[in-house]
Each structure stands twice: as structure tokens, then as C-alpha cells.
Amino acid sequence: KMTQQMRDLQLAQARKPPGPSSPNAAKRLYRNLSGKFRVNYTSFDEGSLAGRGEKEKLRKSYLFQSNAALFEAVELQDLDRVQELLKQYSPEELDLNTPNSEGLLPLDIAIMTNNAPIARALLQAGAKESPHFVSLESRSLHLSTLVREAEQRVNELTAQVVNEAPNTDCSEKEKQLKAWEWRYRLYKRMKAGFEHARVPDPPTNVHLSVASSSSVQVTFWEPLSVNSAIVTKYKVEWSCSPTFLPLLGEAVVDKLKSLHFTIRGLASGTAYYVQVSAYNMKGWGPPQASVPPFAIPSNWREYDGRAPRRRGQAEALDHLLSQVKTVHQHCVCHEPCKNQPQSRKHSVSKSLKHLFHPGSKFLKTLKRGLYLTAIFYKDDNILVTHEDQIPVVEIDDTYSCLLMQDFLWFTKVSCMWDEILWLRQCVTVSQSSCSCILQTRFKMLLAISQMQGLLGIQDLGQVFFEPIKDKQGNILIVTVKEVKTNQTFESVRWVPICKLQTSRKSVSSPEEPTALDTLLISMQDKLAYHQRSSHALSPGLYLGYLKLCSAVDQIRVLVPEQLPNILCHVKIRSNPNISREEWEWLQKMASMEEPIPAEPEAETSQNHLFQELQVAIKELMTLVNIPLQEAKDFRLYSQEVLDFGGQVSFLLLLPPSDDVCTAPGQNNPYTPQSGFLTLPLQIFELGKRR
């Protein structure tokens, strides 16, 4: 039956262009085809094609050639070309898991020739082994048939070449003979690779951890020895018995970019044992039990039964805000703002038209006062007025000393850009006449409304953490927003930042630059800060360092420049969950009077956390430039684990009580290395909520 299949395949191949006549010819053909494959078919003049059917036919032709090129690249062990094809085409376009005429897949060839780099590249792209190999016997039989048929074809062609007189047909037969000799050697190498291989060794570093109250996570590494065959998948098994009888469940992991698996739907408080085994073309290897041998799904909150800190808070705040709005809806202070000029609403509907209208109220220069500027940027371009100026509006021309409390109030308002009109209704001129503070804040709301109306945009972005001041008495509050959409606005003018910086004519001296000049000079720094402050941490458990310093009117917190929306930190592990057992051990450690507690028992989750914390503390102390011997006086915050969205959690490392917050004039002997800054505490808190 196999012989008949091979004859059918040979007949099918006879209808195709002849194969390469020699290894060198195969390489030349492959390289020539590869050069053609780099041409994108869409670059042809579509007008010259007969129609959509011709385009689709041409597309399929190129995809077929790309599939053939992938097989050639794998057979010739050309890793660079394999990676290039996998990057250029999708697995579907390459027919990555469709067998060729010999019943083989690219991954089969890579595995049986023991080409680990190509096999890994194919596996990461989603390649599978041939479904025809349902057993070791079927694979062995298939390989033996391929070798036998190739040998038979070589013998036939050899006899024809020897017996025929030299002519054109004889030359063609010689090319076919060389091609089949090369394929015969390939099949023999594949058969020898299969026969020499054995099942893989067990996976290494199989670690089990508690992922939540209903799940555990197992991570593992490749076996130390794969026994001449690439591992293509892993099997995770779990049970409530150390003998794994009965088996509660199993799962196959065939996506090998990251070797881990989370077992979900488990019962809280129940011990689960886990083991992992590896698979290659010779079958499943022996299983490896995890360390620790079992895990009990739980969460640190179960230690004392506390509820999540923020449960229901967002809903409660929304309800409270709606109640406040209802109370103010029929208030007398609501009336002055009811009859707003229609031109204001009309200006909003015009989108960004007024940005370039000659009658706009954007300012060109500053004249000693408090101002608001909005920076909108997209890639390396910035939004400017029709006069190539950054949008600036006046808040108060009599205000020359911005109080920190007013600035912090403004930053809180930035969380409610859509509610500015309502806030103005609550802080009317009649009310603000009684208080200088309310007058200033009412003018801030007016300036915000003016900026929103002139730009036609409600969301002005994030407030930069400190205003810009100059010696002329100007104070500039800066908001920054990145425009990511491809939406086009009427008459919008985007100017490259570098062009704006070089074309602006400064009216101040380098020694005493104005606030606008300072803004332009430091534009890249402000945009970089805005981008970094929106970055998120990867999932995991982190160790954070809390360090404060106080001034006359504010408290500031130490943060890294590269991630200013989070405390100084190092990553402890990828699993963000702290189990009940781990938290109980931390509580005991915090209550001990000895500075260094006894190490927990080996092969437990507590011991693993202890080792992880030791490494993390050393790394964190180096990061903030504190001698390691001083760490003995530091302490872990043991009241709670700080959870952020369920994917990121923090343990806090605190200095001694007297050093948590440095007072004005107090010397701090340990200055962090470069790459840190201090933010006002309220700004930091707002950044966390964003």
C-alpha cells in the first residue's frame, strides 16, 4: 500500500516542474526562488491584471511558492531564511501545518534531522507534527518506505544513465539522479535520527506556586537532555494524592514561548500535587514532581478574612457625586450659568477651527501672571495655533505667586475635564467674591473652559507635576496629551517639535528665560515624562521602597524617572499572589524581635518566598544606594499587600520610623543614584489612579 502511495506521489510530482538535480542546484534554485519571494505581489500594477480572479490566482501562486521555499529552507537547514519566511508570512499563508507530497511537515523534517534552532522557530510560530504519525511504528514504517522508494529511484536512474548514450535526455536524467541521491541521503539521515532518539528526560526546575484562592501555577524548564530529539510539548497532571491516583486532571502545553501553566477551578484549602512530563517524537518521558510537592489555593486576605480595600468604593463615589449634582441642580448658583452664549457651544462643534481663527484668544506673550497651556503631541509633532504658537490662555494677570494648594486643586480638577461646566456652576462669581482662594479657582475653571472651547476638545490631558516659573513673575500650568488616533481635524496644523524650537525667536536672555522659552527648551523632557508615567508594570509581585521628604507646604515621594507613577521597586517574582501560608509566615517574621528570623523549612512556599525576598532586598538596596548593612534596620510593611488590578501586587520595604520622611534641613546620608525624582504626594496619588 505504501509503495502504491509513493507511485501516486511520483506521478503527481511528474506533473510539477522537475526538482533540483544536485545539492548545489537545489541551493541555486532555492536562492533564486527566495529572491523572487521577496517581491510583494501587491507591487504589480493592478490595472494590468485581468481581474480579481487573476489577482487571487497570482496571490495563491506566491503563497504556494512560499510554502515550497519553507520546505527547502528547512531541508537545507537555512535558519535565517526560515525566520525570514515566518516573519513575512502568517502560518496560514505558509500552510505551515499542511503535509507535503511525502506526508511530512516542516517541523517533522527539523525534528528528525535534530535541527534544534529551526525546530524551536517553527514551534514558536505554531508548527505541529504530522497527524499521520499516530504511533512509533507508523513513523518508522513511513520513514523506511521513503528511504526504500528513494533508493529504488536512485538505482533506476543510475541504470538509465549508464545504459543510455550521451544526449539531452541523458543530461536531464543525470540532474534527476543527483537530486534523488540528495533526497535519499536526507531520508536516511531522518531515519537514523529517529532510530537514535529516545524519550526526553524529565523537565527541570518544576516550581509550584499558589496563583489565587482557586488556582495554582506551575512553571518549568526544558529537560537537561532531550536525547537527540526536540521536545514539542509538555503534559501537566494534578491530583489530591502524592501517588497521583486517582488523577484529577491533565493538560497539554504546546505553546512553548513561556513554559508555565495555571490550573484553575480548584477548591480553596485543598492540597494539590502536580507533576510535569516532556514529549518528543519517541513519546512521553518520565514525570517530574514539583517543588514544593503540593500547593493549597489561598490568598493572604483569608488570614484574617479582610475584604478588598477598594471594594465598592468607585460605585459609592459615583453615587455620592450624583447626589451632589442633584442637590445643585436647582440651586440659585446654577442660574447664572444656564444662559451661556450659544457661541460657546458653537465653538465646540467647530472642532479645532478656532485654533487658527484670527479672533482666537490665545496669547503670544506672557505679562506677569498665571497662565494655562495645553500640549497636544503625535509622534514627533506638536499642535500649534495659526501663528505657530503653543496654545496659551490667561488664568489671572494679578496672580504672581501660585500657592501649592491651588495647583494641587487644579490637578484634581484634571480628573473631571467633562464636568468643568458643572463645577463652574457650583463656584460662581457671587460665591467667589468672598474668598481669594475661590476667586482664583473660579478663574482656573474659566480658563479651562476657554481652552476647551477654543480647541474644541474636552480632555486636556495630564497636568505636568510642577508649574513653570520665571523671574518675570510668570507661572505656567502645563497639561500634556498624546493624540493616538488617525482622526483628521479641519485646518489642524501639526509642526515638528524640533522645527518649533528652532524657529521661535526668544525675547529673553539665556540667563533669564521666560516661562514659554523654558517650556520649549524642556519640551522633550515633559513629553518623555508623560509617556513614561502611563507605562504599566508586567504582572508579578514587587518589593517597593517608600521614602518621603517634606517641605513647608508639601510632602514629596521618591520615584524612578523611568516609571514615575510607581514607587522605587524591584520584581520579586512573576506570580502576584501571596498565599495564606506565605502571609502567615510574614506576620510571624514581623512580630519577632530578632533581626534575622530563622529560615523556614526547605521545599515549602515560605522558603521559596524567603529566598526571593533576600535577593530582592539586596537588589533594591543597591538600586537606591543604601549600604546593605543598613537594611537590618528596615522593615516590611505587614498590614497588607498592595493590590493593583489583580495582576500586580506590592510588598513595601520601610526605613526606620525616624527616616521614612526626611524633614526640611535634615541630612540624608544615603542619596539615591541618578535616575530618580521626587513628586508631590498628591500628584503621585493621582498618577496611580490614572
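In the predicted model, the largest nonpolar core comprises 68 residues, of which Leu476, Ile477, Leu519 and Met523 touch the most other members. Helix α15 makes the greatest contribution to this core, supplying 8 residues. The core also draws on two domains, with at least three residues from each of domain 3 (361-534) and domain 4 (540-592 + 604-688). Apart from residues up to four places away in sequence, Met523 is in contact with Ile375, Ile382, Ile390, Ile497 and Gln501. In soluble globular proteins, nonpolar side chains tend to be buried together.

Helix α15 spans residues 436-455 and includes Gln450. Gln450 has a relative accessible area of 17% and is therefore classed as buried, the cut-off for this class being under 20%. Along the chain, Gln450 and Ile395 are 55 residues apart, while their C-alpha atoms are separated by 9.8 Å.

Nonpolar side chains are also found on the surface, where Leu317, Leu320 and Val324 form a patch. Together, these three residues have about 270 Å² of accessible area. Val324 is located in helix α10, which covers residues 313-329. The relative accessibility of Val324 is 32%, so this residue counts as partly exposed; that class lies between the limits of 20% for buried and 50% for exposed residues.

Notes. Residues numbered from 1 in each chain as written. Predicted model: local features only at pLDDT ≥ 70, side-chain atom pairs only at ≥ 80, totals over all residues. Heavy atoms only, no water. Patch = residues over 30% accessible without salt bridge, like charges linked within 9 Å, V, L, I, M, F, W, Y side chains within 5 Å. Areas by Shrake-Rupley, 256 points an atom, 1.4 Å probe, with all protein chains shown as cover. Salt bridge = Lys/Arg side-chain N within 4 Å of Asp/Glu carboxyl O. Helix = DSSP H or I, 4+ residues; strand = E, 2+ residues; numbered from the N terminus. Buried < 20%, exposed > 50% of the residue type's maximum accessible area, 1.4 Å probe, protein only. Core = buried A, V, L, I, M, F, W, Y, C linked by side-chain atoms within 4.5 Å. Domains from an automatic or database assignment. Contact = heavy atoms within 4.5 Å.
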